[in-house]
Amino acid sequence: MGLIVPSSNLTMETELPRLMRARESVLPGERFVFHSSRMRMKHVTPEELRGMNAQTRRAAAELADARPDAVATACLVAIMAQGPGYHCTAEDEITGVLREEGVEAPVVSSAGALITGIRALGASRVAIVTPYMRQLTDLVVAYLEDAGIGVVDALSLEVPDNIAVARLDPEDLRGHVKRLDLTGADALVLSACVQMPSLPVLQAVENEAGLPVLSAATATAYGLLSELGLDTRVPGAGALLSGR
């Protein structure tokens, strides 16, 4: 697996391998390793997000040298902040660079994977938790709604420093969810950000909320496994990765 991540990323390279290791407990014949290429970004602002996106071709070409079987570009808001449908543009750009380097590999973006994951659950109305400033959360909401997914409520934790986002305590999400109005929601996006940790509490929140719960990380895992034609079972990671 190849990952294109922000330079300040601490979480995606933790949660994705944890998910795949957990998967090995039920499917021991399939093993995964991860290799990353980084794009410079420290603060989650529109300016730094645009600057990070400008590094995509360089990061994809470097990652191609590792000859990955599949690639995920993992910064949801960097893509969604560029306007509706931009995940298709980003995925196509990376695919083109990989091919120029002689690599044929499916490409998944965390932004596109979240939409795919919500649809795979049969959901059309969600509530979301983000670490972003309100301005960026509004862009995420608009992006999802353009894709035909209604957002019944959205909570912004307003943490602009990307390293600080990675250090948020996932246990706090259980309290944050109680601040959401889940009326009319048929799924909950516990972390609409690959940098905000949620995996340790995702299954517990799903059990407590009585709704399917997913995150940018679990959606990306689902997307990668689906693109590779592999079983999407990961124990304890919510309905999306139940294999159903």
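Thr 95 is buried, with a relative accessible area of 18%, which falls below the 20% limit for burial. The model is predicted. Thr 95 belongs to helix H5 (residues 86-100), and a polar atom of the Thr 95 side chain lies 2.8 Å from the backbone oxygen of Glu 91.

Helix H5 is also among the elements that cover the buried residues of helix H7; the others include helix H2 (46-53), helix H4 (76-80), helix H6 (110-120), strand S5 and strand S6 (150-156). Helix H7 comprises 13 residues (residues 134-146), which at 1.5 Å a residue should span 18 Å; the C-alpha atoms at its ends are 18 Å apart, in agreement with this value. Its buried residues are Leu 136, Thr 137, Val 140, Val 141, Tyr 143 and Leu 144. These residues lie on the same side of H7, because they cover an arc of only 160° around the axis. Gln 135 and Asp 146, on the other side of H7, are exposed. Just after H7, Gly 148 adopts a positive phi of about 90°.

Strand S5 (residues 125-130) is joined by 3 bridges to strand S7, and the two run parallel. In this pairing, Ile 128 stands opposite Val 189 of S7. Strand S7 (residues 187-191) is mostly covered, with 5 of its 5 residues buried. Together with helix H10 (residues 199-209), S7 and S8 make a right-handed β-α-β unit.

How values were computed: Residues numbered from 1 in each chain as written. Predicted model: local features only at pLDDT ≥ 70, side-chain atom pairs only at ≥ 80, totals over all residues. Heavy atoms only, no water. Helix = DSSP H or I, 4+ residues; strand = E, 2+ residues; numbered from the N terminus. Buried < 20%, exposed > 50% of the residue type's maximum accessible area, 1.4 Å probe, protein only. Polar contact = N/O pair within 3.5 Å; in protein donor to acceptor, adjacent residues only side chain to side chain. Pairing = 2+ DSSP bridges. Right-handed = clockwise from strand over helix to strand, strands pointing away. Expected span 1.5 Å × (residues − 1). Arc of directions from axis to C-beta. Contact = heavy atoms within 4.5 Å.
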